[in-house]
Amino acid sequence: FRLNNGYLKQNQQLRAALERETAILAARNCTPLDAAELRMILARLDAAEQESDRGELDKQLHQKIAQMADNPMLYSVLTAADQLTESIISGTRNYIMQKKQSAREVDEQHQRLVEAIIAGETVAAQSCMSEHMETIEKYMEEMQREKDEKLKN
């Protein structure tokens, strides 16, 4: 991505497409052990107080879902974009915290996503991931607008 001068929005669009597919595949492949691991990550995310810890757990949740998809190509591309993805996750979570004093919206989306995956509901998993990715993109666009306005002034 760096070599091709990929932009953050383009990376997010690619990530969204891949994440939707990983959610579908994860719902098809979810084992009881996977379900327990997903719930553990969510519990740790809920209990974490430092936003840096929460960002890392957010990343772990998405990595676990990608692993569960059991598709090395999807996982490899998401891993290749990991550094930019980490920037998106931490930057967006920080922005949400500044604006809303809570990342509850994102946390609730994670909860619904995990429950759909555990239940094996592929359509719901895809829908939940789409909603989550749209939320991230919305906040990214808002962050960019604010940044552009500051540069104008």
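This report covers the fold, salt bridges, helix packing and selected residues of a predicted model.

## Basis

Local features need pLDDT of at least 70, side-chain atom pairs count only at pLDDT 80 or more, and totals for chains, interfaces and linings use all residues. Residues are numbered from 1 along each chain as its sequence is written, and side-chain values use heavy atoms, with hydrogens and water left out.

## Overall fold

The protein has 7 helices and 0 strands. Helices (H or I, at least four residues) and strands (E, at least two) are DSSP runs, numbered from the N terminus. The order from the N terminus is α-α-α-α-α-α-α.

Of the 153 residues in the protein, 41% are buried. Buried means under 20% relative accessible area, exposed means over 50%, and partly exposed lies in between (1.4 Å probe, protein chains only). Contact means heavy atoms within 4.5 Å. Among contacts with a separation of 6 or more, 77% come from residues 24 or more positions apart.

## Salt bridges

Side chains of opposite charge can pair when their charged atoms come close. Here a salt bridge is a side-chain nitrogen of Lys or Arg within 4 Å of a carboxyl oxygen of Asp or Glu. The whole structure holds 7 salt bridges.

One of them joins D34 and K64, at 2.9 Å from N to O. D34 sits in helix 2 (residues 32-47) and K64 in helix 3 (residues 51-68), so this pair ties together parts 30 residues apart in sequence. D34 is buried, at 11% relative accessibility. K64 is buried as well, with a relative accessible area of 11%.

Another bridge pairs D107 with R54, at 2.2 Å from N to O. D107 belongs to helix 6 and R54 to helix 3, so the link spans 53 residues of sequence. R54 is buried, at 8% relative accessibility.

R39 is partly exposed, with a relative accessible area of 41%. E115 is partly exposed too, at 32% relative accessibility.

## Helix 1 against helix 4

Two packed helices are described by the angle between their axes and the distance between the axes. For helix 1 (residues 8-29) and helix 4 (residues 72-80), the axes come within 10 Å and cross at roughly 140 degrees. Axes are lines fitted to C-alpha atoms, for helices over the stretch in contact, and angles run from 0 to 180 degrees between N-to-C directions. The crossing is left-handed. That term applies if the near helix is turned anticlockwise from the far one by less than a right angle; clockwise gives right-handed.

Which residues of helix 1 meet L74, V77 and L78 in helix 4? They are L14, R15, L18, E19, E21, T22 and L25. The contact divides into 6 nonpolar, 1 polar and 3 charged residues. Ala, Val, Leu, Ile, Met, Phe, Trp, Tyr, Cys and Pro count as nonpolar, Asp, Glu, Lys and Arg as charged, and the others, Gly among them, as polar.

## Helix 7

Helix 7 (residues 122-152) has 31 residues, which should span 45 Å at 1.5 Å a residue; its end C-alpha atoms are 45 Å apart, so the two agree. The expected span is 1.5 Å times one less than the number of residues. Buried residues of helix 7 include C128, M129, H132, M133, I136 and Y139.

H132 lies in helix 7. At 1% relative accessibility, H132 is buried. H132 touches H62, V106, Q109 and H110, leaving aside residues up to four places away in sequence.

A124 is also in helix 7. Its relative accessibility is 26%, which makes A124 partly exposed. A124 and L113 are 11 residues apart in sequence and 7.7 Å apart in space, C-alpha to C-alpha.

## Backbone at D70

Most residues other than glycine have a negative phi. D70 is not a glycine, yet has a positive phi of about 55 degrees. D70 lies in the loop between helix 3 and helix 4. Is D70 buried or exposed? At 63% relative accessibility, D70 counts as exposed.
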